[in-house]
Amino acid sequence: MNKSIFSTVTAVPDDPILSLTGKFLADPRDCKVNLGVGMYLDENGVTPVLDVVREAELAIAAEHRPHTYIPQTGLPLYDRLVQELIFGKDSEIVSSKRACTVQTLGGTGALKLGVDLMHWACGLNIGATSKPTWTNHNDILRLAGYSVTGYRYYDASSNSVDFCAMAEDLKALPEKTLVILHACCHNPTGYDLSVDQWMEVIDICRARHLIPFLDMAYQGFKKGLDEDAQTIRLFADSGLNFLAASSFSKSFNLYGERIGALTVVTQSEDEAQRVTTHLKTCARANYSNPPTFGGRIVESVLADPEKFKRWESELAGMRNRILAMRQALADEMKAIGAKRDFSFVTQQAGMFSFTGLTPKQVDQLANEFGIYAVRNGRICVCGLNEKNVKYVARSFASVL
């Protein structure tokens, strides 16, 4: 019998985030709480279908359109509306057509398409991510052929961004390094840079000839759609070439539809057109064509001013619930006299909080209390609700 080609292949660990759901579902305890899931959950612990999305689904289904391929770059109107959403309708980048946008398989697909583009079309082979970062950033870069390095970002001792260390590390990166930056709601820490700090990052990128790649998966979850796009608009005003990945998984609760976009900012319309040809090739090799149904849902909402306002209102409702749960956790930890002041969670933004819990403490939470979180201490605040926040707080206090 011939030796199997796979005989030397070793197993790799499950994704540390996705594997949590299986462990949570297998737990028979009624008190269990899933703080690892990276999805929005409402007060009842379910991911709701937004009213504006439900209406769009019904309207699109009633049209009975044939299920044909759409262009490799996606729905043309969708692509233009994405640019207006992230840059603003009056942006020079939109009017000059010096950016190209393609519809992708969620934000993850946008990241993959972007790193492929920069590797094969522009010769980049070094990628840098924040320490810590969303773990998939490193895997996407590595599997696309990049050497992956990191830049310091989080200071655990002060529960804040260590910007001096970040700037020092960015300045030491080789030229033409592709630098992954979190545009807002940093995952996993929840801590973002100030405007002045972003301006310094822009100056460093310009001086060191670094290529910024802004990941914006949570637009609307910090302060609002326009406010959360401020970082991308600062880069847009800088004159730099850069890339931006955006996602509608969270803001529309369309996780399974895989609806995102990659936008590449160039220096001219001609450059944008040439870059688009390479993006078509990368898309063809990765997945050929993006999905239609979810794209049409987002397109119909972004294109209609009345629907847009309703979506913005529903998104604000999700954002405000997250803010309320942050405050509730901090208040409860204070009320029970926990050993650690948890008020820092109210200073973080987005769906996630970096709690400072150690892997041992996270394991103890799962084993003794049925509370599941990522072992680096990241929790999804959306997993909290009025019924479980006191239990979670008491459990946290017990392991501190």
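Analyst: Let's start with a term: a pocket is an open set of grid points with protein on both sides within 12 Å along at least five of seven lines. Keep in mind as we go that this is a predicted model.

User: Thanks! How much space lies in the largest pocket here?

Analyst: The largest pocket holds about 630 Å³ of space. Its lining is made up of 28 residues, and those nearest the centre are Leu18, Gly38, Thr108, Trp134 and Lys250.

User: Which elements give two or more residues to that lining?

Analyst: Helix 1 (18–26), helix 5 (106–120), helix 6 (135–143) and strand 8 (211–216) do. Helix 5 provides the largest share, with three residues. By residue type, the lining has 13 nonpolar, 10 polar and five charged residues.

User: And what is a cavity, and how many of 30 Å³ or more are found in the whole structure?

Analyst: A cavity is a set of points where a 1.4 Å probe fits but cannot get out. Searching the whole structure gives three cavities of 30 Å³ or more.

User: Which residues line the largest cavity?

Analyst: Its lining consists of Leu85, Met216, Gln219, Leu225, Ser246, Ser247, Phe248, Ser251 and Trp311. Five of these residues are nonpolar, four are polar and no charged residue takes part.

User: What lines the second largest cavity?

Analyst: Around the second largest cavity you will find Tyr151, Tyr153, Met166, Leu181, His182, His186, Leu193 and Trp198. That lining divides into six nonpolar and two polar residues, again with no charged ones.

User: Let's turn to cysteines. How many disulfides does a search of the whole structure find?

Analyst: The general idea is that a disulfide is a covalent bond between the sulfur atoms of two cysteines. In this structure the search finds zero disulfides. Take Cys122: the nearest cysteine sulfur belongs to Cys282 and is 9.8 Å away. Cys122 is itself partly exposed, at a relative accessible area of 37%.

User: Now helices. How does the reach of helix 2 relate to what is expected at 1.5 Å a residue?

Analyst: Helix 2 covers residues 51–63, 13 residues in total. From first C-alpha to last, helix 2 reaches 19 Å, close to the expected 18 Å.

User: Which residues of helix 2 are buried, and which are exposed?

Analyst: An α-helix has 3.6 residues a turn, so residues three or four places apart point the same way. In helix 2, the buried residues are Val52, Val53, Ala56 and Ile60. They lie on the same side of helix 2 because they cover an arc of only 95° around the axis. Leu58 and Ala62, on the other side of helix 2, are exposed.

How values were computed. Residues are numbered from 1 along each chain as its sequence is written. This is a predicted model: local features need pLDDT of at least 70, side-chain atom pairs count only at pLDDT 80 or more; totals for chains, interfaces and linings use all residues. Side-chain values use heavy atoms; hydrogens and water are left out. On a 1 Å grid over the protein atoms alone, a cavity is a set of points where a 1.4 Å probe fits but cannot get out, and a pocket is an open set with protein on both sides within 12 Å along at least five of seven lines; lining residues have an atom within 4 Å of a point. Grid points are joined across faces, edges and corners, and a volume is the space filled by probe spheres set on the points. Helices (H or I, at least four residues) and strands (E, at least two) are DSSP runs, numbered from the N terminus. Ala, Val, Leu, Ile, Met, Phe, Trp, Tyr, Cys and Pro count as nonpolar, Asp, Glu, Lys and Arg as charged, and the others, Gly among them, as polar. A disulfide is a pair of cysteine sulfur atoms within 2.5 Å. Buried means under 20% relative accessible area, exposed over 50%, partly exposed in between (1.4 Å probe, protein chains only). The expected span of a helix is 1.5 Å times one less than its number of residues. The arc is that of the directions from the helix axis to the C-beta atoms.
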